[in-house]
Structure formats: structure tokens, C-alpha cells
Amino acid sequence: YVRFHLISPLIQQSAVNIVLFDTFVNILAHNLGEPAYEADVAQLEYKLVAGEHGLVIRVKGFNHKLPLLFQLIIDYLSDFSFTPAVFEMITEQLKKTYFNILIKPETLSKDVRLLILEHGRWSMIDKYQTLMNGLSIESLSSFVKAFKSQLFVEGLVQGNFTS
């Protein structure tokens with residue numbers, strides 16, 4: 001089991017940054033779908049999670065091939081690229097996701113409660129409005145470049161691994 005948390009102070013600076021971060025993580029997961037298929041067949045699991053403060057990469061499975069899967073994820077992260085069609089598809093999916101959160105009273109109330117309790121939190125309404133106002137491909141590219149330049153990493157490795 002390997003878990004790395006790539007933390008960046010850039011994410012929480014604005015609602016735009018949070019939406020760009022969500023878009024980035026979803027495009028990264030989309031890009032990894034095909035190359036990581038063989039790992040899935042070999043009973044290796046991975047998950048990318050857009051956390052509040054950064055990207056969480058979780059990988060688990062048999063230890064002899066786990067580093068290869070983790071390296072594949074890191075390679076796609078470092079050489080991040082996307083097409084305009086993928087960008088449009090992911091932003092449309094995010095619009096639906098945000099809207100579905102807004103129409104459910106229990107998730108909306110949780111969001112409002114956390115907005116009151118946490119300093120510097122951006123509401124789902126802010127994120128949805130930001131996405132509806134539109135994002136540019138250039139803004140995503142510059143965000144990803146800035147995100148990768150301001151990273152702090154925490155990691156946990158459990159199991160049959162050497163130091």
C-alpha cells in the first residue's frame with residue numbers, strides 16, 4: 001500500500017484554483033485510464049483523489065509491480081497534457097457533478113456547515129459559478145505548471161517494501 005499526498009498552498013487561494021485543480025485531477029485520471037488498464041487486470045489498484053489541500057495518490061497491490069504503476073502515474077503527472085476535446089468533456093462532467101451536489105439538500109447543508117466552520121473554504125456555489133463562467137485551456141495549463149512548482153509531499157508506504 002502506497003499513499004502520497006501532494007500538497008500545494010495554491011489550491012485554496014481562490015474558487016477558480018479549486019475548479020482548475022478538480023479539472024486537472026479528472027483529466028489526469030482520464031489520461032491514465034488506458035495505460036493503467038493492464039495494472040488493473042494484474043490486480044493492482046490505484047486512485048487519484050482531489051483533496052482539499054492537494055492530490056492524493058493511492059496505489060495498492062502486489063509489491064513487485066507496484067513501483068511500475070506508481071512510476072506510470074508520476075510520469076503522466078510530470079508530463080501532463082490534454083486535448084481541447086478532453087478539456088471540454090471534463091468541464092461538462094464537473095458542471096453536472098457540482099450541480100448534483102447543489103440540488104441535494106444533505107450535501108448542500110454539509111457544504112454550508114463546513115463553509116461556516118472552516119476559514120478560507122470556498123462554497124460549492126462559488127465553484128459552480130466559476131465553472132459556469134468558463135475556464136480557459138491556458139488557465140489550466142498555467143495552473144498545472146504553478147501547482148507542480150509549489151509542492152510539498154507526504155508519503156506512507158506499508159507492506160513488503162525495502163527502504
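**Entry 1: Asp111**

I started with Asp111, which lies in helix H5 (residues 105-117); helices (H or I, at least four residues) and strands (E, at least two) are DSSP runs, numbered from the N terminus. The model is a predicted one, in which local features need pLDDT of at least 70, side-chain atom pairs count only at pLDDT 80 or more, and totals for chains, interfaces and linings use all residues. Residues are numbered from 1 along each chain as its sequence is written, and side-chain values use heavy atoms, with hydrogens and water left out.

Is Asp111 buried or exposed? Asp111 counts as buried, at 8% relative accessibility. Buried means under 20% relative accessible area, exposed over 50%, and partly exposed in between (1.4 Å probe, protein chains only). I then listed the contacts of Asp111, leaving aside its neighbours within four places in sequence, and found Arg121, Trp122, Ser123 and Met124. Contact means heavy atoms within 4.5 Å.

**Entry 2: Leu44**

I looked up Leu44 next and found it in the loop between helix H2 (37-41) and strand E2 (45-50). Leu44 counts as buried, at 5% relative accessibility. With neighbours within four places in sequence left aside, Leu44 is in contact with Ala39, Lys60, Gly61, Phe62, Lys65, Leu66 and Leu69. I checked Phe62 in that list: Leu44 and Phe62 are 18 residues apart in sequence and 6.7 Å apart in space, C-alpha to C-alpha.

**Entry 3: the largest nonpolar core**

I turned to the core. A nonpolar core is a set of buried Ala, Val, Leu, Ile, Met, Phe, Trp, Tyr and Cys residues joined through side-chain atoms within 4.5 Å. Which residues touch the most other members of the largest one? They are Phe24 and Leu55, out of 40 residues in this core. At least two residues each come from strand E1 (2-7), helix H1 (15-32), strand E3 (54-60), helix H3 (66-78), H4, H6 and helix H7 (137-149). H1 supplies the largest share of this core, 9 residues. I note the general background that in soluble globular proteins, nonpolar side chains tend to be buried together.

Phe24 lies in helix H1 and is buried, with a relative accessible area of 0%. Not counting residues up to four places away in sequence, Phe24 touches Leu77, Phe80, Leu140, Val144 and Phe147. By the same exclusion of residues up to four places away, Leu55 touches Phe4, His5, Leu6, Phe21, Val25, Leu28, Leu48, Val49, Leu77 and Phe147. I also took the C-alpha separation of Phe24 and Glu34, which are 10 residues apart along the chain, and got 17 Å.

Two packed helices are described by the angle between their axes and the distance between the axes. Axes are lines fitted to C-alpha atoms, for helices over the stretch in contact, and angles run from 0 to 180 degrees between N-to-C directions.

H1 and H4 pack at an angle of about 120 degrees, with their axes 10 Å apart. H1 is therefore oblique to H4; angles under 35 degrees count as roughly parallel, over 145 as roughly antiparallel, 65 to 115 as roughly perpendicular and the rest as oblique.

From H1, I listed Val19, Asp22, Thr23, Asn26, Ile27 and His30, which meet Val86, Phe87, Met89, Ile90, Thr91, Leu94 and Tyr98 in H4. The residues of this contact divide into 8 nonpolar, 4 polar and 1 charged. Ala, Val, Leu, Ile, Met, Phe, Trp, Tyr, Cys and Pro count as nonpolar, Asp, Glu, Lys and Arg as charged, and the others, Gly among them, as polar.

I looked at Thr23 separately. Thr23 counts as buried, at 0% relative accessibility. Thr23 touches Phe87, Ile90, Thr91, Leu94, Leu135 and Leu140, not counting residues up to four places away in sequence.

The axes of H1 and H6 come within 9 Å and cross at roughly 75 degrees. That makes H1 roughly perpendicular to H6. Ala15, Val16, Ile18 and Val19 in H1 meet Asp126, Lys127, Thr130 and Leu131 in H6.

How do the axes of H4 and H6 cross? The axes of H4 (residues 84-103) and H6 (residues 124-133) come within 10 Å and cross at roughly 150 degrees. H4 and H6 are therefore roughly antiparallel to each other. The H4 side of the contact includes Thr91, Leu94 and Tyr98, and the H6 side includes Lys127 and Leu131.
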